Every structure is written in structure tokens, then in C-alpha cells.
Amino acid sequence: MISPFNDEYFMKQALEEAKKAFDLGEVPVGAVVVANDQIIARSHNLTERLNDVTAHAEMQAITAAADFLGGKYLNECSIYITLEPCTMCGGALYWSQIKKVIYGASDEKRGAGKHTDIYHPKTEINSGIMEKECSDLMKEFFQNKRK
């Protein structure tokens, strides 16, 4: 049986979250946490709105997913993020022991990337899912900021 729930489907959901951030004037990053093909947490950047440098989409999603599951470990979950996680978020993902990190666009300046030492040893990393769409939204946001 073919499942409609694949990496592209979940990245589209993360992209919808990123668009919410865009509309709020936040850097457009979105994230969803998935367990058993079900989204258990969704979030977007809220650093400006909350006046909190740690309010990245990933941090918000990790907290919401842990709350949903009633425990701090996400070792049976995947997170879909429109932008490569920064070092702070990579560290939080490490401590959550998340099973899989999937991100769209790379962040050459601040991304933790595929540095396996920042993620839990059992965490799988996959990148480039809907990379163009994720990257285009980010470029549009910063072009508008420069006007």
C-alpha cells in the first residue's frame, strides 16, 4: 500500500508553518514533529513576537512534542524543518534523541548541517527535501527586508 505520508508531504506542512512566520515578520522557518505518520507538533519561528532568541521553530516543536508524548525523548519521532538547524537547535535535537532530522534548505552561515557530532549518534539526517521552495521563501523574506 502506498502511503500519502512521505517526506514531501510533511515538508509541505513545515512550509505552511514557515509561511505563518513570514506573515508575522519572523524569519520564515517552520517545523513539524511526526510520530507514526501523525503530526504531533507544529511550529514556526517566534523570536520577534516572544522577544526570545531561543524561540526557534525547532525549539518550539521539540517542547510541544515532548508535552504531547509526556516525556522528554523523541527517539521514535522525525522532525521536518524548512531550514537546516542552527547549533542551538541541533543541540536540543541531540538531547531529545530524535530519530530523524529532515530539512529543506541549507544554511551556509549558521547551520549545524550534517555534522554528526552535534546530533545523537542514532539520529538520521536527510536534507534537500523541497529545497527550492524552502530556499525561495527565505530569499523572498530577506529581499523584502532590504527594500
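Visitor: Which helices each supply at least two residues of the lining of the largest pocket, and which element gives the most?
Guide: This is a predicted model. Two helices each supply at least two residues of that lining, helix 2 (47–50) and helix 5 (131–146). The element that gives the most, with five residues, is helix 5.

Visitor: Which elements give two or more residues to the lining of the second largest pocket?
Guide: The second largest pocket holds about 160 Å³ of space. Its lining has 14 residues, with F10, V34, D37, S78 and Y80 nearest the centre. The elements that give two or more residues to this lining are helix 1 (7–23), strand 1 (30–35) and strand 3 (78–83).

Visitor: Is S96 buried or exposed?
Guide: S96 belongs to helix 4 (residues 87–96). Beyond its neighbours within four places in sequence, S96 is in contact with I62, K72, Y73, L74 and N75. The cut-off for buried is under 20% relative accessible area. S96 has 3% relative accessibility, so it counts as buried.

Visitor: Which residue has its backbone oxygen 2.8 Å from a polar atom of the side chain of S96?
Guide: The polar atom in question belongs to the side chain of S96. At 2.8 Å from that atom lies the backbone oxygen of L93.

Technical notes
Residues numbered from 1 in each chain as written. Predicted model: local features only at pLDDT ≥ 70, side-chain atom pairs only at ≥ 80, totals over all residues. Heavy atoms only, no water. Helix = DSSP H or I, 4+ residues; strand = E, 2+ residues; numbered from the N terminus. Buried < 20%, exposed > 50% of the residue type's maximum accessible area, 1.4 Å probe, protein only. Polar contact = N/O pair within 3.5 Å; in protein donor to acceptor, adjacent residues only side chain to side chain. Contact = heavy atoms within 4.5 Å. 1 Å grid on protein atoms, 1.4 Å probe; cavity = no way out; pocket = protein on both sides within 12 Å on 5 of 7 lines; lining within 4 Å. Points joined across faces, edges and corners; volume = space filled by probe spheres on them.
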